[in-house]
Amino acid sequence: MNLLRHLMRKAIHISNVIVFVMSFIMVLFSSYLIVLLERENFPSLFDGFWWVMTTVTTVGYGDFYPETVPGRWLGLFLYIFGIGLIGLVIGKIIDGLTMYRKKREEGDIVYKEKGHYIIIGWSQKAKFAIKEMLATESAIEIVIIDQLEKAPILDSNISYIRGNACDKAPLEKANIHEAKSVLIFADDMIKDNQLADGKTLLIASTIESMAPEVHTIVEVMEESHIKNFKYMKIDEFIISDETISSLFVRSAFRKGISSIFRQLLNRSHGDDLYLVPTKSSWKTYRDAFNELLEKGATLVSDRDQLNINRMLDQTISDHAELYVICDHETYQNILKEY
């Protein structure tokens, strides 16, 4: 028993590569040897492989079995050492899967995919953002960066990296250089708007120094703080407090107007705002406006230009990004024509 315990302690620390190689060699060698020893009972190499695998996995169908003394000695060897070795392999695989899941939950991973979205700062707003992103395109990959002990949410296409986004290490782990876009949410735990935007400024400056080409969207608490970001290439700003306050005021003066904004911002409610590709047959905005209107969609803007009704006779530029308001079914029908 002491010898067995000593062997078990040694086996635990054996390199995974060595264990897998030894198991592979043992299975192949045993398969070849049993065919060599008992050609009549094991007519092919696959039959030998089948018997070895059913033996070391303790399945034992009994459709093949050795009848000679050397063949039975091989069987005894597999009973004693083969089953133990394969059990060790299975144990290491399960242990590896468990360790991988634990690392994912604790955010101790390195993300190596490309074209993903990075969300910095976990909050209820970030949770809703992920829900909306998946509703828009379910196949996208999302990486969350925060300092929580456990991942706030995990899925096959949602990963978590633990760390302070002001440092380069977690951003490197998130493969920020290959990211499609970065969304920086203000820290809800900081009640002072100036301090919250100051932290956001540090994160944005770190990203700018590492990957200035990545599309970056920043939530700021006060519009007056945007000037502090002027030396950085921030693509878009979302003004949190002022946007909510403005919506409250508009709703107070015009009852029900908040539902209009909610429809445009929420994929699961009413008509939505969609980007449509331009057609070569559209020369002016009027051409696009009239054709889209016939299909049930209303052309409302080219990028941030909302004055389409005053631009109808202007030529559509090569870099135009046209947005329409319609329901999801209409949008899908429009895309079928491209």
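Colleague: Helices here are DSSP runs (H or I) of at least four residues, and strands are E runs of at least two, both numbered from the N terminus. Where does that place Thr 58?

Modeller: This is a predicted model. In it, Thr 58 sits in the loop between helix 3 (45-56) and helix 4 (69-106).

Colleague: What is phi of Thr 58 near?

Modeller: Phi of Thr 58 is near 60°, which is a positive value in a residue other than glycine.

Colleague: And is Thr 58 buried or exposed?

Modeller: Thr 58 has a relative accessible area of 57%, so it is exposed. The cut-off for exposed is over 50%.

Colleague: Which other residue has a positive phi without being glycine?

Modeller: Arg 303 is one, with phi near 55°. Arg 303 is also in a loop, this one between strand 8 (298-302) and strand 9 (322-326). Its relative accessible area is 43%, so Arg 303 counts as partly exposed.

Colleague: Let's step back. How many helices and strands are there in the protein?

Modeller: There are 11 helices and nine strands. The protein has 338 residues, and 34% of them count as buried. It exposes about 21,000 Å², of which carbon and sulfur atoms supply 59%.

Colleague: What share of the contacts join residues at least 24 apart?

Modeller: Taking contacts between residues at least 6 apart in sequence, 60% join residues at least 24 apart.

Colleague: Now the inside. How many residues has the largest nonpolar core?

Modeller: The largest nonpolar core has 26 residues. Those with the most contacts inside it are Ile 118, Ile 120, Ile 145, Ile 176, Val 182, Ile 184 and Ile 207. The elements giving two or more residues to this core are strand 1 (117-120), strand 2 (142-146), strand 4 (181-184), helix 7 and strand 5 (215-220).

Colleague: Which element gives the most to this core?

Modeller: Helix 7 does, with four residues.

Colleague: What is Ile 184 in contact with?

Modeller: Leaving aside neighbours within four places in sequence, the partners of Ile 184 include Ile 120, Thr 200, Ile 203, Ala 204 and Ile 207. Thr 216, Ile 217, Val 218 and Glu 219 are also among them.

Colleague: Which residues does Asp 197 touch?

Modeller: Not counting residues up to four places away in sequence, Asp 197 touches Glu 219, Val 220, Met 221, Glu 222, His 225 and Phe 229. A polar atom of the Asp 197 side chain lies 2.9 Å from the backbone nitrogen of Met 221. Val 220 is 23 residues away from Asp 197 along the chain, yet their C-alpha atoms are separated by 5.8 Å.

Colleague: What about Ser 159, buried or exposed?

Modeller: Ser 159 has 7% relative accessibility, so it counts as buried. Ser 159 is in strand 3 (residues 158-162), and its contacts beyond four places in sequence include Arg 104, Tyr 111 and Ile 144.

Colleague: Last topic. How many disulfides does the count come to?

Modeller: The count comes to zero disulfides. As for individual cysteines, Cys 166 counts as partly exposed because its relative accessibility is 22%, while Cys 326 counts as buried at 1%.

Definitions and conventions:
Residues numbered from 1 in each chain as written. Predicted model: local features only at pLDDT ≥ 70, side-chain atom pairs only at ≥ 80, totals over all residues. Heavy atoms only, no water. Contact = heavy atoms within 4.5 Å. Polar contact = N/O pair within 3.5 Å; in protein donor to acceptor, adjacent residues only side chain to side chain. Buried < 20%, exposed > 50% of the residue type's maximum accessible area, 1.4 Å probe, protein only. Areas by Shrake-Rupley, 256 points an atom, 1.4 Å probe, with all protein chains shown as cover. Disulfide = S-S within 2.5 Å. Core = buried A, V, L, I, M, F, W, Y, C linked by side-chain atoms within 4.5 Å.
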